[in-house]
Amino acid sequence: MTVPSIQLHDGVSIPQLGFGVWQVPPEQTAEVVLQAFQAGYRHIDTAAGYGNEAGVGDALRASGIPREEVFITTKLANGEHGREKTLAAFDASLAKLGLDYLDLYLIHWPQQADDYVETWQAFEELKASGRVRTIGVSNFQKTHLRKLLDETGTVPTVNQVEVHPYLVQEDLRGFNAEHGIATEAWSPLAQALGLVEDPVVTGIAEQTGRTPAQVVLRWHLQQGNIVIPKSVTPERIVSNFDVTGFELSAEQVEALTGLNRDERTGPDPDVFG
């Protein structure tokens, strides 16, 4: 299966389908990521705050896959904002991953603090040094993004936010697109909200002969989102990767989009922190 790639506004290409390791226990991470590699994933998303960066690096080395064939993302921990802390935190993440460079580095949360601008300027330094190929943000609302654009002029390539059919985020995704920022979806299956049991989702799954999770992931791809499903179950790791061999109709996409109820599984970035 060929995973489509999205070319970011700085020319870096990112696989549109990746594998997330949020809440994967550190002691299981290497094994789970190896299973993801075996399934075909070549894009892994972790974070300093997950505590499992080392397992991702261990899996990459054990896989035998050339470094340049894998896209690795990690994120700055929330307590490490500010220039000096950011640069030290990046060094620590790179050491835990055992890598010479990172593909994508994200500010994990803006946290209602003014210092994310200073943090972003440190990100600019890291990119200029060649130690990270591209830089972006996570959980940034329009107000946060405007502040970065107004005060630095450097546009993030990616904004990783909670997106799924119960939280379509049309306004924010539109703002991202207007500024050339790719939207990456975390919690893409909204399992905590029971999305995959929704009658609309299960009905489309029956129509297409696919699983409900595959239907939702396919919706993300057709929306243009980068998407990073997570599972520790081998069968689901494989199944979630098998979403490029079919297509939803325009009516099916519209029905899924129509499920929006602005409901989150995680914190609201406007108040978090």
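A charge sits over a ring if NZ of Lys or CZ of Arg is within 6 Å of the ring centre and within 35 degrees of the ring normal. The charged end of Arg261 meets this criterion over the ring of Tyr166, 3.5 Å from its centre. Arg67 does likewise with Tyr101, its charged end lying 4.1 Å from the ring centre.

The model is predicted: local features need pLDDT of at least 70, side-chain atom pairs count only at pLDDT 80 or more, and totals for chains, interfaces and linings use all residues. Residues are numbered from 1 along each chain as its sequence is written, and side-chain values use heavy atoms, with hydrogens and water left out.

The sheet is open and has 8 strands, in the order β3-β4-β5-β6-β7-β8-β9-β10, with parallel pairing. Strands (E, at least two residues) and helices (H or I, at least four) are DSSP runs, numbered from the N terminus. Two strands pair if DSSP finds at least two bridges between them. Strands β8 (residues 158-162) and β9 (residues 182-186) pair in the parallel sense over 5 bridges. Val158 has Ala182 as its bridge partner in β9. Helix α4 (residues 116-129) packs on the sheet and touches β5 (71-76), β6 (102-107) and β7 (132-138). Contact means heavy atoms within 4.5 Å. The direction of α4 makes about 160° with that of β7. Axes are lines fitted to C-alpha atoms, for helices over the stretch in contact, and angles run from 0 to 180 degrees between N-to-C directions.

The structure holds 7 aromatic pairs. Rings of Phe, Tyr and Trp (its six-membered ring) pair if their centres lie within 6.5 Å; planes under 30 degrees apart count as stacked, over 60 as edge-to-face and the rest as tilted. Tyr41 and Phe241 form a tilted pair, 4.7 Å centre to centre, with 55° between the planes. Tyr41 lies in the loop between α1 (26-39) and β4 (43-45) and Phe241 in helix α9 (residues 234-241), so the pair ties together parts 200 residues apart in sequence. Tyr41 is buried (under 20% relative accessible area; exposed is over 50%, partly exposed in between; 1.4 Å probe, protein chains only), at 1%. Phe241 is also buried, at 3%.

Ring pairs also link Phe90, Tyr105, Trp120 and Phe123 into a cluster. A nonpolar core is a set of buried Ala, Val, Leu, Ile, Met, Phe, Trp, Tyr and Cys residues joined through side-chain atoms within 4.5 Å. The largest has 73 residues, of which Phe19 and Tyr105 touch the most other members.
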